[in-house]
Amino acid sequence: MAHPTPIRRDHPAHPLQTALELAKTGVPVLPLRQGKVPFGNCRTCTALACGGRPNMKTPGPCQCPAVCHAWAAATTDPTVLTSPAWAPAWRQAVTVAYHPGGAGLTVVDLDNAAAVAWARQTLPTTRTVPTTRGEHWIYQGTMPSANQVRPGMDIKSRMSYARWLGPGTGPLADLPSAVRALVGREETTPARGAVVSSSPGRAEWDRTVATGCRHTERYIRTGLQRGLAMVRSHTESGAGSQAFGVARFLAAQHATCPGPCGLDAIGRQIIAAAVSVGVPEAYAERAVTNGLNGMGAAE
């Protein structure tokens, strides 16, 4: 698929206008709210009660017309983008994201100068887009998404989104094996066995550590248990990336709470679930910490 044609920057477009222009080129898009993160799920879709969308890793029946499930809601359909169900999100949107995998692309998100320097020495040159802290390197082809494959480096492709920052410069190169190899280490979850954990007691979440949370205890426990089950289900691959996604999803549910909500305890349980299926503890801790802090989503 050809990379999107440039959008003029002399008069910045409203996010919806930008989204419609990108959709015309075959790039699936979605709005981002303040903080450059996706809009939260509706009540029906909260904590995956709907079962998830058909295009998610574990296919589900959800046909919700709203902007639910982050990257999985991205679309090229102008009827959906301009629908009443999406209108409230566009009124609050601050920018646009796109689904790289849906456009046949992979984004290597280089989050700092050291990561950019490593890529320039190691990876084939390709289309690049400047970001706030580093660069996006865009390749033709798709692969599994993963976070923190190297310090300051995420891979955004089949199950992720990237913020639209412009068309970039340079020719678009084919996805190289060197990039695919970065994800191979985490995508193949080590075999089960005796796991030695250096983390002290893994206390479960309870109301005593969430005195400022606006949600009910049942709501929190239901969402957490579903998330832990999703992590534990990845016995052969992807448990670390799933832990990141669960942590980010659960943290987003508390964005408007006065706090504390006991996110540290929730994080410890997610880490324990990832470690139980063989994810190295250091990797699990990085993934969950990044998810709770919303990292890996802004650029």
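**Strand 3 and its surroundings**

In the predicted model, Tyr-98 stands opposite Ala-162, a residue of strand 9. This pairing belongs to the contact between strand 3 and strand 9 (residues 162-163), which run antiparallel and are joined by two bridges. On strand 1 (residues 29-33), strand 3 has a further partner, and these two strands pair in the antiparallel sense over four bridges; within this pairing, Ala-97 of strand 3 is the bridge partner of Leu-30. Strand 1 also pairs with strand 2, again in the antiparallel sense, over two bridges, and here Leu-32 has Pro-38 in strand 2 as its bridge partner.

Taken together, four strands make up an open sheet whose order is 2-1-3-9 and whose pairing is antiparallel. Strand 2 (37-38) and strand 9 are the edge strands, since each of them pairs on one side only. Helix 1 (residues 15-24) packs on this sheet, where the helix touches strand 1 and strand 3, and the direction of helix 1 makes about 25° with that of strand 3.

In a regular strand, side chains alternate between the two faces of the sheet. Strand 3 (residues 95-98) is covered on both faces, with Thr-95 and Ala-97 buried on one side and Val-96 and Tyr-98 buried on the other. For Tyr-98, the relative accessible area is 3%, and the residue therefore counts as buried, the cut-off being under 20%.

The aromatic side chains were examined next. A pair of aromatic rings is described by the distance of the centres and the angle of the planes. The structure holds two such aromatic pairs. Trp-86 and Trp-90 form a tilted pair, with 6.4 Å from centre to centre and 35° between the planes, and both of these tryptophans are buried. The pair of Tyr-98 and Trp-164 is edge-to-face, with centres 6.0 Å apart and an angle of 80° between the planes. This second pair links distant parts of the chain, as Tyr-98 lies in strand 3 whereas Trp-164 lies in the loop between strand 9 and strand 10 (173-174), 66 residues apart. Trp-164 is likewise buried, because its relative accessible area is 8%.

Directly beyond the residues of strand 3, attention turns to His-99, which is placed in the loop between strand 3 and strand 4. His-99 counts as buried because its relative accessibility is 9%. The side chain of His-99 reaches the backbone oxygen of Ser-157 at a distance of 3.4 Å. Not counting residues up to four places away in sequence, His-99 touches Pro-28, Trp-71 and Ala-74, together with Ser-157, Arg-158, Met-159 and Ser-160.

Two further loop residues were considered. Asn-112, in the loop between strand 4 (105-110) and helix 4 (113-122), has a relative accessibility of 30% and so counts as partly exposed. The side chain of Asn-112 reaches the backbone nitrogen of Ala-114 at 3.2 Å, and, leaving aside neighbours within four places in sequence, Asn-112 is in contact with Arg-133, Gly-134 and Gly-152. The C-alpha atoms of Asn-112 and Met-153 are separated by 8.3 Å, although the two residues are 41 residues apart along the chain. Gln-253, found in the loop between helix 7 (239-252) and helix 8 (263-276), counts as buried because its relative accessibility is 14%. The side chains of Gln-253 and Tyr-219 are joined by a polar contact of 3.2 Å; with residues up to four places away in sequence not counted, Gln-253 touches Thr-46, Arg-214, His-215 and Tyr-219.

The nonpolar interior was considered last. In soluble globular proteins, nonpolar side chains tend to be buried together. In this model, the largest nonpolar core has 47 residues, of which Val-108, Leu-110, Tyr-139, Ile-155, Val-179 and Ile-270 touch the most other members. Helix 8 gives the most to this core, contributing seven residues. With residues up to four places away in sequence not counted, Ile-270 touches Leu-224, Leu-228, Val-231, Ala-243, Val-246, Ala-247, Leu-250 and Val-288.

Note on methods: Residues numbered from 1 in each chain as written. Predicted model: local features only at pLDDT ≥ 70, side-chain atom pairs only at ≥ 80, totals over all residues. Heavy atoms only, no water. Buried < 20%, exposed > 50% of the residue type's maximum accessible area, 1.4 Å probe, protein only. Pairing = 2+ DSSP bridges. Polar contact = N/O pair within 3.5 Å; in protein donor to acceptor, adjacent residues only side chain to side chain. Contact = heavy atoms within 4.5 Å. Phe/Tyr/Trp six-rings, centres within 6.5 Å; stacked < 30°, edge-to-face > 60°. Core = buried A, V, L, I, M, F, W, Y, C linked by side-chain atoms within 4.5 Å. Axes fitted to C-alpha atoms, helices over the stretch in contact; angles between N-to-C directions.
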